[in-house]
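Work through the exercises below with the model open. Each has a task, then a solution in steps.

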Amino acid sequence: MARTRSIVSLVMLGVVSFFTVATMAAVPMKLIKFWNDVEPESLINVDHSAFKEVLTAYISDQHPSGIARFNFNAVSASDRTKLESYLDYLQLLEPRQLNEGQAKAYWVNIYNAATLKMMLDAYEDDRVSSIRDARTGVFSARPWKRKLVTISQQKMSLDDIHNGVLRPMYKDHRIHFALFFFSLGGPDVSATILEGENNEEVLNALEKNYMSHYRAARLNGSELVLSGLFETYDTDFADDFDSLLQYIAQHVPEEISAAFPNISDTRYEYDWGINTP
């Protein structure tokens, strides 16, 4: 997943360093204008309790790797039904009638719930090693392109929600830490979810959790290994590579940021392996 370009001069944290850096190549986002509306004074509260119950029952954060795991094999039929009922409930709502906080939580949670259902369906048919394998057939659409939900009569894919609503509407890099990719390289699956009023607290905690783990940034000698998340969505975190490194330096453990002046090169790395126990 690594790509490099010529040696550049980087002024960061008052230190001039010279090293090979990876090129910037973000996934594009384009607002789906149909969804560009909320009701600031809306008092509607969306009930996410059923989703929290399902997540709490099957997430374990005790793995030695420090990466939370989801036990797909253990999910009961009744909890499958609970998840499906929750998704049905969300699809009956009109997110444009919610206030901004409730709408933000709505979109994150419907993305995550739809992803979980897709993974459970794929796992039931044929054990998958990666979310990229979650298909319903040889010729079916890749998981992010498949139309999984219908909201206000609009059929939507995970890509539509992520790159057509969440990223362009909210312009909040922390959203990437709240989305479920069910991969070892991605953010942890968590039962602490956005519910509207708690959005800032939860997003800050999820960012801190990911950035403090080695899969966000680690040292390999004088090489800095960064999560592929920062390559795929680079411009959501910073305008250029120098600014991206400044962001990372501010959020990773001090023993890593302290080594930045001595970094000789960088590369991106991402483990797509599924986060099962």
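For sorting a lining by class, Ala, Val, Leu, Ile, Met, Phe, Trp, Tyr, Cys and Pro count as nonpolar, Asp, Glu, Lys and Arg as charged, and the others, Gly among them, as polar. The model is predicted.

**Exercise 1. The largest pocket**

Task: Find the volume of the largest pocket, then state which elements and residue classes make up its lining.

Solution. 
- Step 1. Start with the volume: the largest pocket holds about 370 Å³.
- Step 2. Go to its centre. Of the 17 lining residues, V27, W144, T232, Y233 and W272 are the closest to that point.
- Step 3. Assign elements. Two or more lining residues come from each of α4 and α6 (229–232). The largest share belongs to α4, with four residues.
- Step 4. Sort by class. The lining of the largest pocket has ten nonpolar, four polar and three charged residues.

**Exercise 2. A histidine in α4**

Task: Is H162 buried or exposed?

Solution. 
- Step 1. H162 sits in helix α4, which spans residues 158–170.
- Step 2. Check accessibility. The relative accessible area of H162 is 3%. Buried means under 20%, so H162 is buried.

**Exercise 3. The enclosed spaces**

Task: How many cavities of 30 Å³ or more does the whole structure contain?

Solution. 
- Step 1. Rolling a probe the size of a water molecule over the atoms shows where empty space is left.
- Step 2. Count. The search finds two cavities of 30 Å³ or more.
- Step 3. Take the largest cavity. Its volume is about 60 Å³. The lining consists of V108, N112, F177, A178, F180, D188, S190, T192, I193, L194 and L206. By class, that gives seven nonpolar, three polar and one charged residues.
- Step 4. Take the second largest cavity. Its volume is about 30 Å³. W35, D37, V38, P95, R96, A103, W107, M169 and Y170 form the lining. At least two of the lining residues come from α3 (100–125), and at least two from α4.
- Step 5. Sort the second lining by class. The second largest cavity has seven nonpolar, no polar and two charged residues.

Methods. Residues are numbered from 1 along each chain as its sequence is written. This is a predicted model: local features need pLDDT of at least 70, side-chain atom pairs count only at pLDDT 80 or more; totals for chains, interfaces and linings use all residues. Side-chain values use heavy atoms; hydrogens and water are left out. Buried means under 20% relative accessible area, exposed over 50%, partly exposed in between (1.4 Å probe, protein chains only). On a 1 Å grid over the protein atoms alone, a cavity is a set of points where a 1.4 Å probe fits but cannot get out, and a pocket is an open set with protein on both sides within 12 Å along at least five of seven lines; lining residues have an atom within 4 Å of a point. Grid points are joined across faces, edges and corners, and a volume is the space filled by probe spheres set on the points.
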